[in-house]
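Subject: Structure handover

Hello,

Here is the structure I said I would pass on. My notes on it follow below the display.

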Amino acid sequence: PVVLSQREVAAVMGRLEGVQWIVASLLYGGGLRLLEALELRVKDIDLERRELTIRQGKGRKDRRTMLPEATRERLIGHLATVRRQHEADLSQGFGRVVLPDSLSRKYPNAPREWPWQFVFPAARICRDPRWGGPTRFHLHESVIQRAVVSAVRRSGIAKRASCHTFRHSFATHLLEAGYDIRTVQELLGHADVSTTMIYTHVLN
């Protein structure tokens with residue numbers, strides 16, 4: 001896997017801003033996959049415990065990982081903005097979000113409740129009838145992918161780095177700092193430790 005040094009991560013992050021910076025900081029600081037970050041719901045963030053809950057990640061398993069301290073204040077400000085947007089949507093008769101596994105049938109009010117809203121909502125409301133009434137999905141992956149590729153290019157780093165490179169760098173830097181391989185495995189959500197072992201080869 002392509003791995004950035006801590007200096008290179010800082011160089012890329014320094015060329016991101018706004019929502020793109022927050023998402024990238026979660027990819028690096030929590031070891032998230034891009035879609036895991038974009039599918040986060042408000043209720044999945046525990047600001048007091050500095051913890052993120054990843055719901056049905058790869059292999060459809062839940063796991064917990066760390067909320068980076070450097071991200072916390074910006075995330076709080078971002079959530080306040082998202083909440084104002086959600087309240088404006090509600091006042092216009094919208095504010096609905098798609099729930100996983102048909103939960104909306106079990107909890108009919110949940111799609112409009114704040115805890116179920118996406119942390120990174122799309123800019124526009126989707127009116128595709130396949131999803132029922134008008135709903136606000138999460139931000140599209142391409143928004144973050146383009147921003148990261150551009151930031152890597154502008155930083156002058158000669159590596160084919162992408163959003164997933166932040167996850168690889170997260171794991172490698174934890175091992176460099178002396179974290180146990182089993183701890184890293186748990187944070188990444190790997191079913192088999194042999195998958196995590198690839199990062200020890202990167203260190204070598």
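Predicted model: local features only at pLDDT ≥ 70, side-chain atom pairs only at ≥ 80, totals over all residues.

In it, T196 is buried, because its relative accessible area is 0% and the cut-off for buried is under 20%. T196 sits in helix 9, which covers residues 193-196. Setting aside residues up to four places away in sequence, T196 touches I181, V184, Q185, L188 and H190. With H190 there is also a polar contact between the side chains, at 2.8 Å. E186 is ten residues from T196 in sequence, and the two C-alpha atoms are 9.4 Å apart.

Overall layout

The protein chain has ten helices and three strands. Read from the N terminus, the order of elements is α-α-α-β-β-β-α-α-α-α-α-α-α. Along the principal axes, the C-alpha atoms fill a box of roughly 55 × 35 × 35 Å. Of the 204 residues in the protein chain, 47% are buried. The accessible surface is about 11100 Å², and carbon and sulfur atoms hold 51% of that surface. Among contacts with a separation of 6 or more, 59% join residues 24 or more positions apart.

In soluble globular proteins, nonpolar side chains tend to be buried together. Here the largest nonpolar core has 37 residues, and the members that touch the most other members are V12, L16, V23, L27, F120, I144 and F166. Two or more residues of this core come from each of helix 1 (6-13), helix 2 (18-30), helix 3 (34-38), strand 2 (51-54), helix 4 (69-91), helix 6 (141-155) and helix 7 (163-176). Helix 2 gives the largest share, six residues. Another core, of ten residues, lies apart from this one and includes F170, A171, L175 and L187.

Helix 1 and V12

Which residues of helix 1 are buried? They are E8, V9, A11, V12 and M13. The cover over these buried residues includes helix 2, helix 6 and helix 7. For V12, the contacts beyond four places in sequence are L4, A151, V152, S155, I157 and F166.

H168 in helix 7

H168 lies in helix 7. H168 counts as buried because its relative accessible area is 15%, against a cut-off of under 20%. Leaving out neighbours within four places in sequence, the contacts of H168 are P1, V2, V3 and Y199. H168 and L188 are 20 residues apart along the chain, with 9.6 Å between their C-alpha atoms.

E51 belongs to strand 2. The side chains of E51 and R64 make a polar contact of 3.2 Å. Apart from neighbours within four places in sequence, E51 is in contact with D44, I45, D46, R64, T65 and L67. R50 is in the loop between strand 1 (45-46) and strand 2. Phi of R50 is near 55 degrees, a positive value in a residue that is not glycine. R50 has 30% relative accessibility and therefore counts as partly exposed, a class that runs between the 20% and 50% limits.

Cysteines

How many disulfides does the structure hold? The number is zero. C126 is partly exposed, because its relative accessibility is 21%. C163 has 8% relative accessibility and so counts as buried.

For a look at the model, T196 with its polar contact to H190 and E51 with its polar contact to R64 are two places to start.

Regards

Methods
Residues numbered from 1 in each chain as written. Heavy atoms only, no water. Core = buried A, V, L, I, M, F, W, Y, C linked by side-chain atoms within 4.5 Å. Buried < 20%, exposed > 50% of the residue type's maximum accessible area, 1.4 Å probe, protein only. Helix = DSSP H or I, 4+ residues; strand = E, 2+ residues; numbered from the N terminus. Contact = heavy atoms within 4.5 Å. Polar contact = N/O pair within 3.5 Å; in protein donor to acceptor, adjacent residues only side chain to side chain. Disulfide = S-S within 2.5 Å. Areas by Shrake-Rupley, 256 points an atom, 1.4 Å probe, with all protein chains shown as cover.
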